[in-house]
Amino acid sequence: MQTAAEKYFGKSVADLTIAEAACIASITKAPTYYDPLVNFENNKRRATDVINKMVELEMISAEEAEAAKAEQLVFSDGSDKVDKENTFVLKHSGAKINLIG
């Protein structure tokens, strides 16, 4: 998990948010299918399931879960993904460019 935390978010596993940890946990079942940099929507759906399970197991509160589901993930490759169908926001040289398609 530490390697994935560094690869995807550029930080220690101890510093991950709930949303970031769920994102990484979601990758293990099928690494290519759930890779957030390749298949963001697949990863987002699975991460939501992980977060819901955390609530069910009383690891986090419902409020924490909702905040985690709404969190915009920022990846260490400089991109951030927005959970909107066919929309990705990429950061490049400090500017944000919306690509729709």
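**Aromatic rings and a helix crossing**

Good morning. I begin with a charge and a ring: the charged end of Arg-46 lies over the ring of Tyr-34, at 5.4 Å from the ring's centre. Please keep in mind that the model before you is predicted.

Tyr-34 also has an aromatic partner. Its ring and that of Tyr-33 have centres 4.9 Å apart and planes at 85°; an angle over 60 degrees counts as edge-to-face, so this pair is edge-to-face.

How many aromatic pairs does a search of the whole structure find? The search finds two. In the other pair, the rings of Phe-9 and Phe-75 have centres 5.2 Å apart and planes at 25°; because planes under 30 degrees apart count as stacked, this pair is stacked. The pair links distant parts of the chain, 66 residues apart. Phe-9 belongs to helix H1, residues 2-9, while Phe-75 lies in the loop between strand E1 (73-74) and strand E2 (79-84). Phe-9 is buried, with 7% relative accessibility, and Phe-75 is buried as well, with 3%.

Let me return to Arg-46, which takes part in a helix contact. The axes of helix H2 (residues 18-27) and helix H3 (residues 40-56) come within 8 Å and cross at roughly 115°. The two helices are therefore roughly perpendicular to each other, and their crossing is right-handed. On the H2 side, the contact residues include Ile-18, Ala-22 and Cys-23. On the H3 side, Arg-46 is among them, as are Ala-47 and Val-50.

Thank you for your attention.

Methods:
Residues numbered from 1 in each chain as written. Predicted model: local features only at pLDDT ≥ 70, side-chain atom pairs only at ≥ 80, totals over all residues. Heavy atoms only, no water. Phe/Tyr/Trp six-rings, centres within 6.5 Å; stacked < 30°, edge-to-face > 60°. Helix = DSSP H or I, 4+ residues; strand = E, 2+ residues; numbered from the N terminus. Buried < 20%, exposed > 50% of the residue type's maximum accessible area, 1.4 Å probe, protein only. Lys NZ or Arg CZ within 6 Å of the ring centre and 35° of its normal. Axes fitted to C-alpha atoms, helices over the stretch in contact; angles between N-to-C directions. Parallel < 35°, antiparallel > 145°, perpendicular 65-115°, else oblique. Left-handed = near helix turned anticlockwise from the far one by under 90°. Contact = heavy atoms within 4.5 Å.
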